[in-house]
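Please keep the sequence and the coordinates in view while reading.

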Amino acid sequence: MFLVVFRNRKRADMDAAAYAIDADEMATMAARQPGYRAFKSYTADDGEVVAISEWDDEASARAWGRLAEHRAVQHKGREHYYAEYMLFACAQPRVHRFTGQEP
């Protein structure tokens, strides 16, 4: 598994409706990419957003990052949506799971 964590803060003056449309389109497009596993996004009380995407491997995640449509929206995000962001990526994260069904 390859994990990508995108921490961000939106600009106060951004067009929320335009952002929502772009975000929905990107989520739909990402889900169709080879190697895609999952995506979740969480917003903290202070407004910071943490978005997590899971991929089969680093090559799949990088291919998504290089997709022309994705790159265009990334550029739009830097110009219009984000005040700041940080991206973390890691291969083979250590995973511990509890299912509630263990004795």
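A residue is termed buried under 20% relative accessible area, exposed over 50%, and partly exposed in between (1.4 Å probe, protein chains only). The model is predicted: local features need pLDDT of at least 70, side-chain atom pairs count only at pLDDT 80 or more, and totals for chains, interfaces and linings use all residues. Residues are numbered from 1 along each chain as its sequence is written, and side-chain values use heavy atoms, without hydrogens and water.

Helices here are DSSP runs (H or I, at least four residues), as are strands (E, at least two), numbered from the N terminus. Helix 1 (residues 16–31) and helix 3 (residues 68–81) have axes that come within 11 Å and cross at roughly 155 degrees; axes are lines fitted to C-alpha atoms, for helices over the stretch in contact, with angles from 0 to 180 degrees between N-to-C directions. The two helices are therefore roughly antiparallel, a term for angles over 145 degrees.

Seven salt bridges occur in the structure, each a side-chain nitrogen of Lys or Arg within 4 Å of a carboxyl oxygen of Asp or Glu. One of them joins D22 and K76 at 3.0 Å, N to O. Because D22 lies in helix 1 and K76 in helix 3, this pair ties together parts that are 54 residues apart in sequence. D22 is buried at 9% relative accessible area, whereas K76 is partly exposed at 33%.

Within helix 2 (residues 58–66), R62 and E58 are four residues apart, about one helical turn. Their closest N and O atoms are 2.8 Å apart in a salt bridge. E58 is partly exposed, with 34% relative accessibility.

Methods: Angles under 35 degrees count as roughly parallel, over 145 as roughly antiparallel, 65 to 115 as roughly perpendicular and the rest as oblique.
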